Amino acid sequence: MNIRPLGDKVVIKDMPAEETTQSGIVIPGTAKEKPQTAEVVAVGPGAMVDGKLMPMNVKVGDVVLFRKFAGTEMKYDEDTFIVLAESDILAVVED
């Protein structure tokens with residue numbers, strides 16, 4: 001994939017949602033909530049602030065938590081991605 005986001009934009013790909021609960025209950029497709037965890041697949045160069053390029057806080061491969069209705073969903077090569085501003089990312093998940 002060759003997507004190069006501009007400015008402070010980040011391209012993320014949703015991670016698969018859990019199909020069962022910890023107790024083993026299967027969650028039907030209609031009851032599943034859209035996941036807010038995704039993997040970063042592309043990162044822009046950063047935002048310009050007072051004529052200076054501010055570096056991004058995330059990098060490709062990071063797993064992030066993002067705002068519920070953030071970004072724009074798009075399809076590319078049969079995959080679905082979300083393009084959002086770095087400010088819509090709430091946290092980086094660290095193991």
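This is a predicted model: local features need pLDDT of at least 70, side-chain atom pairs count only at pLDDT 80 or more; totals for chains, interfaces and linings use all residues.
With a relative accessible area of 37%, Val93 is partly exposed. Together with Leu65 and Leu90, Val93 makes a nonpolar surface patch of about 240 Å².

## Strand β1 and its two partners

Now look at strand β1, which covers residues 9-14. On one side of the story is β7: the two strands run antiparallel and are joined by 4 bridges. You can find this pairing by looking for Val10, which stands opposite Leu84 in β7.

Strand β1 also pairs with strand β2, residues 37-43, again in the antiparallel sense, over 5 bridges. Here Val11 is a handy landmark, as it stands opposite Ala42 in β2.

## Salt bridges

Side chains of opposite charge can pair when their charged atoms come close. How many salt bridges are there by this rule? The count comes to 4, and three of them are described here.

Lys9 and Asp8 meet through their side chains in a salt bridge, at 3.3 Å from N to O. Lys9 is partly exposed at 34% relative accessibility, and Asp8 is also partly exposed, at 22%. In another salt bridge, Asp62 joins Lys59, with the closest N and O atoms 3.1 Å apart. Is each of these two residues buried or exposed? Asp62 is buried, with a relative accessible area of 11%, whereas Lys59 is exposed, with 54%.

The next pair is Asp88 and Arg67, whose closest N and O atoms are 3.6 Å apart. Arg67 itself is partly exposed, with a relative accessible area of 43%.

## Glu86, a charge without a partner

The loop between β7 (79-85) and β8 (89-93) also holds Glu86. Which side chain of opposite charge is nearest to Glu86? That is Lys9, and it is 10.0 Å away. A salt bridge needs a side-chain nitrogen of Lys or Arg within 4 Å of a carboxyl oxygen of Asp or Glu, so Glu86 has no salt bridge even though it is buried.

What does Glu86 contact, leaving aside its neighbours within four places in sequence? The residues in contact with Glu86 are Asp8, Val10, Met56, Asn57 and Val58. Two of these names have come up already: Asp8 is in the salt bridge with Lys9, and Val10 is the residue opposite Leu84.

Terms used
Residues are numbered from 1 along each chain as its sequence is written. Side-chain values use heavy atoms; hydrogens and water are left out. Buried means under 20% relative accessible area, exposed over 50%, partly exposed in between (1.4 Å probe, protein chains only). Lys and Arg count as positive and Asp and Glu as negative; His and the chain ends are not counted. Contact means heavy atoms within 4.5 Å. Patches are made of residues with over 30% relative accessible area and no salt bridge: like charges are joined within 9 Å, nonpolar side chains (Val, Leu, Ile, Met, Phe, Trp, Tyr) within 5 Å. Accessible areas come from the Shrake-Rupley method with a 1.4 Å probe; for residues, only the protein chains shown count as cover. Two strands pair if DSSP finds at least two bridges between them.
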